[in-house]
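User: Hi, I'm new to looking at protein models. Could you walk me through this one?

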Amino acid sequence: MESSAKPASSSLTILATLGLIAALYLLKPILITIALSILLTCLLSPATHLLRKLLPVGPVGAAVILFLLLAVAGLYGASLTAESLVRAAATFPADVERLASKVSDLVNDAGKDHPYLANILPEPGTIDILGYTNRELLVNSLNYRLSDLTTWVGYGLIVLFLVLFLLAEGDSLVPRLVHLISVESGESKAVERTLKNLTRKIRAYLLARTVLNIGLGVATAVALMLLGIDFAVALGVFAAVTNYIPYLGNVAAGALSVLITLGQRGSIADGLIVASVFLVIVTVEGYLVMPYVMGRSLDLNGTTVLIACLFWGFLWGLMGLILAIPITVSLKLVFQHLPSLRHWADLMSLAESTPEPSVTPETPGELSAPRRWLLARRSNSN
C-alpha cells in the first residue's frame, strides 16, 4: 500500500504543478495586473506614511493624493512618449534608408577594392531592398505603437486604481491576512512579525532596484544629450525600463542607441563612441553601484535568473520578462522564511544563504517543547 501511495502522490503533485502553470497562462491579464499592483503598493507604501505625517490626512486621503500625483506623472509621460513616436515616425524611415544606402556603398567599394570578397559580401542591391523593407516595417510598427498607447494608458490607470485601494485599505487588510495565514491563534504574532520582515525586505529590494534603474536611465539620457543624439530622453527611459530584464535588457537598450546613432549620423565612429559610453555606464552600475547598494544577500545565481526569465517570459511575454526578477526575489525571500522551503532559497542563491527567522512563537506561553525542557532544566539547576 505504501509503495503504491508514493506514485499517486507524485502524480498529483505533477498534475497540480501543470494546473498551476496553465492557470498562470490563462489568467495572464488579471495576474499581471495584480502582480504589478502588489509590487507598486509595496514600493509606494512608505510614501503614504510620509504624506500622513506631513499632511492632516488619513490612509484614504494619502492614497488619493498619491494616486493623483502618479496619474498626472503617468499622463505627462504618455504625452512625451506620443510626441517621441510621432517624431520617430517622421525621421526614422529616412534614417534607415540613409543607413542602408551608406552600407550598400561601403559593400560596393569593398567589392571593387578587394575582388576576392565578391563571393562573401552580399549584393549592394540586396541591402537597398532590405533597407526599404525595414523602412516599411518600421513605419507600420511605430504607427501601431502610437495607436496602442491609449490602451496602455487605460491599463496603467486600472493598475493605479487597484494600488489606490490596496494603499487605502492596507491597515485593515494586514490583520485579515495574518488571521488567514495563522493556523492557530497562538501563531498570529509570529506570523505578523514574519510578514512585516518579509514585506520590508521586498520593499527594500524594489526601492533599490528602481533607484538604480532610474539612475541608469538618467545617466544614459545625459550622455546621449551631450553627444548630440536625438531622442536621448526616450532612450534613457527605455534603458531604465529594460534594465529590469537581466542581460537582454542592456543589450536591447545599447543596440537601439547605437542603431539610432548610425541612422542619424551615418558614422561608424559615432556608433562605437555611443556603444563605449553605454558599456561604461552599464559596467559601473552593474559591478560597482549595485553591489554597494544592494549587497549580495538578495543575489540570484545565473541559472535561476535565466530559468526565471524563460518561465515568466513564456507565460506573460514582455511584462513577464520585466517582472521575472522581482517575482523570483520575492519568492526567494518567502522560501527563506519557511523552514520546509529554505533549501529552495539556498538553491537559488549566489552563495549560501543565511538562515532567516521562521514562523516560530517567542512568548513564554508559546515556546516549543525542546525550549521548554531546556528552561525547566536551567530552573531546576538553580
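This is a predicted model: local features need pLDDT of at least 70, side-chain atom pairs count only at pLDDT 80 or more; totals for chains, interfaces and linings use all residues.

User: Is its ring partner Phe-311 buried, partly exposed or exposed?

Analyst: The rings of Phe-311 and Trp-312 have centres 5.1 Å apart and planes at 85°, so they sit edge-to-face. Ring pairs also bring in Trp-316, giving a cluster of Phe-311, Trp-312 and Trp-316.

User: What kind of pair do Tyr-25 and Phe-314 make?

Analyst: Tyr-25 belongs to helix α1 and Phe-314 to helix α10, 289 residues apart in the chain. Their ring centres are 6.3 Å apart, with the planes at 20°. Planes under 30 degrees apart count as stacked, so this pair is stacked.

User: Where in α2 is the kink?

Analyst: Helix α2 runs over residues 28–54 and spans 39 Å from its first C-alpha to its last, close to what is expected. Still, there's a kink of about 40° in α2, shortly before the proline Pro-46. The kink lies at Leu-44.

User: Which element gives the most to the lining of the largest cavity?

Analyst: The largest cavity holds about 40 Å³ of space. Two elements, α6 and α9, each give two or more residues to its lining. By class, that lining has seven nonpolar, two polar and no charged residues. With four residues, the top contributor is α9.

Notes:
Residues are numbered from 1 along each chain as its sequence is written. Side-chain values use heavy atoms; hydrogens and water are left out. The expected span of a helix is 1.5 Å times one less than its number of residues. The bend at a residue is the angle between axes fitted to the seven residues ending there and the seven starting there. On a 1 Å grid over the protein atoms alone, a cavity is a set of points where a 1.4 Å probe fits but cannot get out, and a pocket is an open set with protein on both sides within 12 Å along at least five of seven lines; lining residues have an atom within 4 Å of a point. Grid points are joined across faces, edges and corners, and a volume is the space filled by probe spheres set on the points. Ala, Val, Leu, Ile, Met, Phe, Trp, Tyr, Cys and Pro count as nonpolar, Asp, Glu, Lys and Arg as charged, and the others, Gly among them, as polar. Rings of Phe, Tyr and Trp (its six-membered ring) pair if their centres lie within 6.5 Å; planes under 30 degrees apart count as stacked, over 60 as edge-to-face and the rest as tilted.
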